[in-house]
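Subject: Structure handover

Hello,

Here is the structure I said I would pass on. My notes on it follow below.

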Amino acid sequence: MTQRSVSISHQGPTYDVCVVGQELTLDIYRSVPSGAESFEILRTPLIDISLIYNENHIEKAQKGQKVALYKSPQIVMSCSEASDELNDSKVKVYYYGKEDSPLGKSLLYLTCIHVSLDADVNRTGAVSRGSKDKGSWMWGPDGRGAILLVNCDQDRDGSGGTDSTDVGGPNAADIKDMSPMVLTVKGPKKIFKFHQVILQIPSSQATKVRVYHKGESGYLRVLGGAKLSYEVQRGDNSEMGFFVEGLDFPDVDFPGLVHITVSLQRISDSHELFAEKVAFRLTPWIMTPNTQKPLEVYVCSVQDNGQFLKELVAFVKKAQCQLNICPEFENFGDRWMQDEMEFGYIEAPHKRFPVVLDSPRNRGLKEIPFNKILGRDFGYVTREPEHKADVSDLDCFGNLEVSPPVKSKGKNYPLGRILIGGPVADSDHSPTITRRMSKVMKDFLVAQLVQCPVELYSDWLLVGHIDEFMSFVPAPDKKGFRLLLASPNVCLELLREKEREGYGGSIMFEGLDIVPYSITEILSDDNVLEGSAYAQKCIDQNRDIMKEELGLSEEDILDIPALFKLVPDYKAEPFFPNMVNLLVLGQFLGIPKPFGPKIDGKCCLEQKVCSLLEPLGLDCTFIDDFGPYHQHAGEVHCGTNVIRKPFSDKWWNCLP
């Protein structure tokens with residue numbers, strides 16, 4: 001609020017209040033004795049008074065110092081601590097003419113009050129006392145401002161949803177998801193017969209935040225919903241504890257900031273004498289890349305993937321991760337665990353927990369994120385278009401990835417950058433119908449700010465997901481990772497080399513219940529050659545985008561052999577199991593078994609991939625996903641999902 005002014009008169013005393021830390025303007029010029037030419041100001045010890053002539057000339061008021069009235073300095077006063085008694089601080093102003101004796105005096109009686117609303121603005125995990133400028137919020141390692149978790153888990157028994165949507169009172173576990181806030185009010189008890197302390201939130205934020213106070217019968221909601229203000233009932237308490245609950249994530253229509261105001265008002269006319277704001281930012285939802293430590297793996301059990309599960313169990317055990325298998329009576333035959341949900345997390349200085357983002361695809365697995373994942377200290381969020389027609393295959397989360405930490409165009413992204421797929425104009429083969437991620441989902445991802453999304457070109461694929469041509473794996477050097485890109489050129493070059501060496505008759509898909517292809521037959525198949533040339537062109541577009549937006553060089557990219565074939569509407573799909581669509585569990589890689597041509601009893605495609613990845617200290621396991629996944633237009637990554645360890649870097653230290 002603007003600086004409040006207190007006017008005094010030589011005709012009688014004035015009574016007012018001053019809040020510790022508040023500066024008041026003292027107006028002594030409105031009522032001046034006739035003939036007065038100068039003034040002198042006296043004060044009691046709790047009061048500080050400055051005379052401001054201009055920004056470069058400021059003096060402290062001193063006893064015996066006479067100041068010419070014509071100089072009319074601005075007089076600013078403040079108090080250092082709360083009063084013990086009503087009206088126990090005084091300001092006297094003596095007016096002088098030409099004589100030494102005063103012509104008159106003005107007297108101001110002040111009652112000093114301490115009113116402060118404090119939260120964890122220093123981001124230490126505990127309430128910061130005595131901080132200034134609490135109403136602003138700043139990013140960066142030197143930034144300040146309080147933080148709220150979005151209370152999107154389910155601590156309240158029988159709530160039927162997230163705690164943020166439950167209108168009942170919180171329990172002790174739920175309170176730990178909230179940020180503490182302390183209101184301090186000190187001063188003579190009598191002053192509060194005439195003044196009241198009010199907590200307020202703007203109506204625009206009523207659905208974004210709730211505030212609770214612990215009473216005798218539990219936690220009482222004092223702000224939020226229809227309650228926009230609360231008259232504080234302090235009794236004999238000089239401090240009162242509150243708990244602030246975040247209710248929603250940042251989004252296109254909500255920047256993520258909320259403000260709680262404490263004000264001191266005169267009861268007689270509700271005039272506001274003092275106000276102080278505290279700003280809170282609600283935590284963004286944060287994705288974790290393949291380079292983060294894996295904790296748990298999710299997969300579905302369906303009618304035809306028993307052998308795949310057997311191999312996956314052994315692989316996950318080797319990586320020392322927990323495996324969660326969703327039974328068919330819960331997944332209803334939907335095997336695409338990656339497409340249904342994306343695991344991330346939220347974090348405040350005092351607490352963090354994982355949060356699952358539920359895709360709007362709504363197929364057989366649609367109930368799993370809400371009914372099976374949501375729980376105590378495991379949150380849930382979703383965004384769905386108003387119209388089902390606005391949901392496409394590109395809303396599945398095989399089309400949602402995140403890079404490891406990168407630096408691009410001079411800007412650091414310590415939490416990486418989100419990657420999504422969409423349409424890109426193609427002069428040769430513009431599709432009749434373009435697909436893109438729904439606006440509500442894309443807007444949500446952009447609004448999180450800390451992992452600034454990059455849109456890639458994926459609509460050229462039949463399924464349309466970016467995990468069909470790219471992935472990240474860890475690397476033991478300063479960069480910390482490599483980008484894997486599907487490469488038809490590398491694959492064709494390898495096959496041509498083997499043909500020149502006399503292995504043109506070697507068979508792909510040997511032992512499978514499909515028509516086998518020799519190397520020579522593949523190299524003469526027009527559909528494969530045209531589809532692979534088209535795919536390479538599209539992948540090269542994405543290569544250029546990621547080099548620019550992720551700050552990558554060619555040394556950061558590994559080309560993984562792949563081939564594609566064309567399907568109607570000039571879309572492409574993998575010709576053999578797509579090895580970039582892999583499961584990354586630390587140094588252990590679960591790679592779709594390509595069933596490539598064998599040279600001297602060994603798959604030449606597997607050998608090529610191992611030669612690229614094993615020098616990085618990575619352990620390659622090839623998993624047979626041909627029947628249950630590849631022939632259904634997906635691979636290992638599409639059928640699995642991973643909870644990973646959060647970043648050690650704090651999102652509030654970012655500079656979006």
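L449 sits in the loop between helix 6 and strand 30 (454-457); helices (H or I, at least four residues) and strands (E, at least two) are DSSP runs, numbered from the N terminus. Before going further, note that this is a predicted model: local features need pLDDT of at least 70, side-chain atom pairs count only at pLDDT 80 or more, and totals for chains, interfaces and linings use all residues. Residues are numbered from 1 along each chain as its sequence is written, and side-chain values use heavy atoms, with hydrogens and water left out.

Helix 6 and what follows

L449 is not a glycine, yet its phi is positive, about 70°. L449 counts as partly exposed, at 38% relative accessibility; buried means under 20% relative accessible area, exposed over 50%, and partly exposed in between (1.4 Å probe, protein chains only). L449 comes after helix 6. Within that helix (residues 439-447), the buried residues are M441, D443, F444, L445 and A447. Their cover includes strand 24 (351-358), strand 25 (379-382), strand 26 (400-402) and strand 29 (418-422).

Q320

Another residue other than glycine with a positive phi is Q320, near 60°. Q320 belongs to the loop between helix 2 (306-318) and strand 22 (322-326). Its relative accessibility is 75%, so Q320 counts as exposed.

Helix 7

Helix 7 (residues 488-503) has 16 residues, and its end C-alpha atoms are only 19 Å apart. A straight helix would reach 22 Å at 1.5 Å a residue, where the expected span is 1.5 Å times one less than the number of residues. P488, V490, C491, L492, L494, L495 and K498 are the buried residues of helix 7.

Is D155 buried or exposed? D155 is buried, because its relative accessible area is 1%. It is found in the loop between strand 11 (146-148) and helix 1 (172-175). Leaving aside neighbours within four places in sequence, D155 is in contact (heavy atoms within 4.5 Å) with D163, N171, A173, D174, D177, R376 and D377.

Q3 lies in the segment before strand 1 (4-7) and is partly exposed, with a relative accessible area of 37%. Not counting residues up to four places away in sequence, Q3 touches E23, L24, T25, Q74 and V76. The C-alpha atoms of Q3 and Q22 are separated by 8.2 Å, with the two residues 19 apart along the chain.

The protein overall

The protein has 10 helices and 43 strands. Its C-alpha atoms fill a box of roughly 120 × 55 × 45 Å, taken along the principal axes. The radius of gyration is 34 Å, whereas a compact globule of 656 residues would have one near 26 Å; the radius is taken over C-alpha atoms, and the globule rule is 2.2 Å times the number of residues to the power 0.38.

Of the 656 residues, 56% count as buried. Among contacts with a separation of 6 or more, 72% are between residues 24 or more positions apart. The accessible surface comes to about 27,700 Å², with 48% of it belonging to carbon and sulfur atoms (Shrake-Rupley method with a 1.4 Å probe; for residues, only the protein chains shown count as cover).

Regards
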